[in-house]
Amino acid sequence: MIHVAWPWVFLALPLPWLLRLLLPAAEANRGAALRVPQAGDFAYGAASPGKIRRRWSLLLAALAWLCLVGAAARPQWLGDPVELPVSGRDLMLAVDLSGSMEAEDFSLGGRTVDRLTATKAVAGEFIERRVGDRFGLVLFGRNAYLQTPLTFDRQTVHRLLLESAIGLAGKETAIGNAIGLAVKRLRGQESTDRVLILLTDGANTAGEVEPLKAAELAAAEGLKIYAIGIGADEMVLASFFGTRSINPSADLDEETLKGIAETTGGRYFRARDTAELEQIYSEIDRLEPAEREKETFRPMSALYPWPLGASLTLAALVLIQRLRRGVLPWIT
C-alpha cells in the first residue's frame with residue numbers, strides 16, 4: 001500500500017500559476033522557465049511548429065513540477081503488518097553464590113561439576129529461549145547485588161551469569177535481602193506478570209530482612225516467587241578409612257523456601273541433579289504471558305527517488321529543448 005507522509009505538500013501544486021499571475025511578465029527576449037498556457041494556446045485550428053514546441057515544453061515542465069511536488073510529499077510503500085513477539089513477563093533471577101555452592105554433587109556432560117556450574121548451564125538455556133521477556137539478575141551471598149537491571153538483552157544477562165563466581169557476594173546466604181532487592185527493582189513496572197526465580201542451596205544466615213517477611217512484601221507488590229532448592233540428598237566421599245555417605249543438603253531450609261513460594265502464589269521445587277533442574281526450568285518456562293496489547297509494525301520503503309528522478313529527467317528535457325530554441329541567451 002502506498003502512503004504519503006506529507007500530503008500537505010500538494011498545496012504547492014498551483015504555485016507556478018500563482019507566480020504567473022502575481023509577478024510581472026518577463027521581457028520579450030527572455031523565455032520563462034515555466035509558462036502556464038493561456039486559453040488561446042489551445043484554440044482550434046492549425047498551430048505553428050513553434051507554438052507546438054512551446055506547448056510540449058509547458059507540458060513537460062508541468063509534469064516535472066508535479067513529480068517534484070510528489071517526491072517532496074514523501075511517498076512510501078507500506079508492507080503487510082508484522083506482529084512483534086511480546087510476552088509481557090518481567091523475570092528476575094536470584095542466584096546463590098555462597099560457599100556451599102562449591103559442592104560437587106551434580107554432573108554435566110558426563111563429568112562432575114559444582115552446583116553453580118550446573119545452574120549456569122541450565123539457567124542459561126532458559127534465558128536464551130525466553131524471547132520477548134525482560135530479564136534481570138540478582139546475585140547474593142552475604143549481600144545481595146543487582147548484576148543486571150531488567151532488559152530485553154538476554155545475551156548480556158546470560159554472559160554476566162556465566163561470569164559470576166562463588167564467594168563474589170560473600171560466603172554466607174542472605175535470602176531475605178535478595179528477595180527485597182528484587183521487589184525494589186520490579187516495583188512500579190508496567191508488566192502485570194512479574195516473577196522471581198530464587199535459587200539457593202542453604203538457609204538464611206545473613207542479611208537484615210527475614211525471608212518470610214520479604215515474601216510478604218513481594219506478595220503485596222504482586223510478585224510471584226518460584227523457589228528452587230538445589231543440592232543432592234546423598235554424596236559418597238572417599239577417605240583413608242574407605243567411603244562414607246553424607247547429605248550435602250543438610251543445611252537446605254526447605255520449610256522456609258516452601259513458605260516463601262506459598263506466600264507469593266508461586267511454587268517450591270527441589271533439584272537434586274541436573275535432570276531435575278532442567279525439568280524445573282521447563283515447567284517454569286510454561287508460564288502464561290500477561291495480557292498485553294499486541295504490537296505490530298509495517299515495513300516501509302521510501303518511493304521518493306522515483307518521482308524525483310522523473311522530475312529531473314523532465315526538467316533536463318525542457319532545458320535541452322529551450323537551448324535548441326535559443327531562449328537562454330545567458331548561456332554561451
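Which side chain makes a polar contact with the side chain of Arg 130? In this predicted model, the partner is Asp 133, at 2.9 Å.

## Arg 130

Arg 130 sits in the loop that joins H3 and E7. Its relative accessibility is 3%, so Arg 130 counts as buried; the cut-off is under 20%.

Beyond residues up to four places away in sequence, Arg 130 touches Arg 89, Leu 91, Phe 135, Arg 154, Ile 284 and Asp 285.

## The largest nonpolar core

In soluble globular proteins, nonpolar side chains tend to be buried together. Here the largest nonpolar core holds 31 residues. The members that touch the most others are Phe 126, Leu 137, Ile 197, Ile 228, Leu 277, Tyr 281 and Ile 284. Several elements each give two or more residues, including strand E4 (89-96), helix H3 (115-128), strand E7 (134-140) and helix H8 (274-284). H3 supplies the largest share, six residues.

Take Ile 228. Setting aside neighbours within four places in sequence, its contacts include Ile 197, Leu 198, Phe 269, Leu 277, Tyr 281 and Ile 284.

## A separate core

Another core lies apart from the largest one. This core has 25 residues, among them Leu 150, Ile 175, Val 183 and Leu 196.

Leu 59 belongs to helix H2 (residues 49-72).

Definitions and conventions
Residues are numbered from 1 along each chain as its sequence is written. This is a predicted model: local features need pLDDT of at least 70, side-chain atom pairs count only at pLDDT 80 or more; totals for chains, interfaces and linings use all residues. Side-chain values use heavy atoms; hydrogens and water are left out. A nonpolar core is a set of buried Ala, Val, Leu, Ile, Met, Phe, Trp, Tyr and Cys residues joined through side-chain atoms within 4.5 Å. Buried means under 20% relative accessible area, exposed over 50%, partly exposed in between (1.4 Å probe, protein chains only). Helices (H or I, at least four residues) and strands (E, at least two) are DSSP runs, numbered from the N terminus. Contact means heavy atoms within 4.5 Å. A polar contact is a pair of N or O atoms within 3.5 Å; within protein, one must be able to donate a hydrogen and the other to accept it, and residues adjacent in sequence count only if both atoms are side-chain atoms.
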